[in-house]
Amino acid sequence: MAETTTAPAPDERLVHVGPLTRILTRPDIGALVGALAIFFVFSYFARSVDWLTDPGITAGWTDQAAQFGIVAVPVALLMIGGEFDLSAGAMVGSSGLLLGYLTVFRDLNIWPAIAIVIVFGLAVGFVNGVVVIWTKLPSFIVTLATFFVLQGVNAALTLNLTGTTAIQEIDKASGFDAARTVFATEITKYDFKVKVLWWIGLTIVGAWLLAKSRFGNWIYSAGGEPVAARNIGVPVARTKIALFMMTSGTAALMGIITALELRSIQAKEGIGNEFLYIICAVVGGCLLTGGYGSVIGTFFGAAMLGMVQLGIIYAEWDSNWTYTFQGAILFAAVLLNTVIRSRAQRAR
Amino acid sequence: MSMNGHLLEANSIAKYYGNIVALKDISTHVNAGEVTCILGDNGAGKSSFIKILSGVHRPDGGRLLVDGEEVQFNSPRDARAKGIATVYQDLAMVPLMSVWRNFFLGAEPRKGLGPVGWLDAATAKRICREELHEMGIDIRDPDQPVGTLSGGERQSVAIARAVYFGARVLILDEPTSALGVKQAGVVLKYTLQARDRGVAVIFITHNPHHAYPVGDRFLILNRGRSVGMFDKSQIDLEELVRQMAGGSELAELQHELAALRTDAS
């Protein structure tokens, strides 16, 4: 960066900001600190296993984290853009079920089936987005409705088709093995899931979009002050619709990954996860009111949830405590982020 | 600039909301390097009028001319394409975003290839700093959120932005009304800076003390009608205040107040 342009004399209003404060002004720092804290907490409580250094353990919690983290990336962008998507969890189930239906009941090859499922995901997102823009209703309500509609469709149609509540034997589809290699295989002898690479990859893409693309600028402005953004010429409606499509499209990807990994899919798959995606984003520094947040922070948020999920098992606690932990993390993270943000803005 | 016409001219503009007459027979104009002030009390029709000038609303009567040619604005984008930029009082900036991101919002410089191009942040920050410096606006750090700037600084940055992006006509919607004395002075200074760079400025305010020092021409509105348009040489501040308050109405009010005072004592 060219810091030398017509440098005015040192400004008495410009308080020297130390490197520590500068770091603390980042929205993602709370999530990083939290993730490290959880990691070390479980290195004590889960000392029955080699939590710190066993790659198999790490493969376990990163698998869980990717489960939430993949969809949390677009959910975070959507929240920064000022909207929610409560249907993302149910969409994972719908997409997996659609893939199962197309391959098992329609004998479609896995690849065209995957393409159809992705298009389906984008279409649901498009509908969510257009309805939110047209009706001007809060997206919380619109996508809550989508969530319930999908939940009902998932259960009713699956039962109608199969007589049970799941689609089995997806692995009999032609092209299954190749598709599983791309989306849901294990890499290395420690059972690291390829899913984890998807998680990391999508995080990089999301973070790049937000910080380095003009679309990222539009996301911030659409969430921060939509009227001002529209006045200055930002296509706010198109930006928001694109974000809804990214969210549902990524949920469809997660449905594909799940169906390929488990070789079957339950009608209830993904339900409840919509809140975990939002927890990841909020822990990652996203404001509920939009306009502010971080994809990197969301990554650490997902890592935290993954560690809790597995850590509780290895610590040999009742796994019902997971929910309590998730709630506590959410609360602590929001509190921490609020403090950091107000401190940071004072430091400026 | 064309020889036979003003840069922006409004001719007998009318606007109705249902059976309510918001504006009737309003005319004014502005040229490069001039400031036309539009004055009026709350409800006088100022904001309806600028919404027509900036393309938010379409007039129900009258004509808009740019460079002497009649134009129809269907959206703010159409007005911007003709070089007419509007800076709204509260809605000029996104507070949580940094100064440079705000400065280039909607017109971000990019490098790289087509759709995969990325934001040229270094260039954006450099231009932002240079342009603000050019206008004499001294911001501390282009990375700081706009929310940490004072109200006057925000308005000033929005003015600099409009000028940088080639505004020929700058419409300022009550830029000083929410500001303290000193901050308002700062915004007036940048308004004159913009004028000196050859921009035609339309300055909307209800404060004649802000309008008089910067204006070349004053259009006074009252209840959707024009009270009159005056060149600076035709009117002094005292008369401007009197006209704005409705002339005889104010005299009557003063009389009533005086009567009250006499009663009380």
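Q: Against which elements of chain B do the buried residues of helix 6 of chain B pack?

A: In this predicted model, the buried residues of helix 6 of chain B pack against strand 3 (35-39), helix 5 (151-164), strand 9 (169-173), strand 10 (200-205) and helix 7 (208-214) of chain B. The buried residues in helix 6 of chain B are B:Ala184, B:Val186, B:Val187, B:Leu188, B:Tyr190, B:Thr191 and B:Ala194.

Q: How are two packed helices described, and what is the case for helix 5 and helix 6 of chain B?

A: Two packed helices are described by the angle between their axes together with the distance between those axes. Here the axes of helix 5 of chain B and helix 6 of chain B come within 8 Å and cross at roughly 10°; angles under 35 degrees count as roughly parallel, which makes helix 5 of chain B roughly parallel to helix 6 of chain B. Among the residues making this contact are B:Gly152, B:Ser156 and B:Ile159 of helix 5 of chain B, and B:Ala184, B:Val187 and B:Thr191 of helix 6 of chain B. By class, the contact has seven nonpolar, six polar and no charged residues.

Q: How many residues does the contact between the chains take from chain B and from chain A?

A: The contact takes 30 residues from chain B and 27 residues from chain A. On the side of chain B that touches chain A, helix 4 of chain B gives the most, with six residues, and by class that side has 14 nonpolar, four polar and 12 charged residues.

Conventions
Residues are numbered from 1 along each chain as its sequence is written. Chains are lettered from A and ligands numbered from 1 in the order in which they are written. This is a predicted model: local features need pLDDT of at least 70, side-chain atom pairs count only at pLDDT 80 or more; totals for chains, interfaces and linings use all residues. A residue is buried if 20 or more other C-beta atoms lie within 10 Å of its own, exposed if 12 or fewer, and partly exposed in between; C-beta atoms are placed from the backbone. Helices (H or I, at least four residues) and strands (E, at least two) are DSSP runs, numbered from the N terminus. Two residues are in contact if their C-beta atoms, placed from the backbone, lie within 7 Å. Ala, Val, Leu, Ile, Met, Phe, Trp, Tyr, Cys and Pro count as nonpolar, Asp, Glu, Lys and Arg as charged, and the others, Gly among them, as polar. Axes are lines fitted to C-alpha atoms, for helices over the stretch in contact, and angles run from 0 to 180 degrees between N-to-C directions. Angles under 35 degrees count as roughly parallel, over 145 as roughly antiparallel, 65 to 115 as roughly perpendicular and the rest as oblique.
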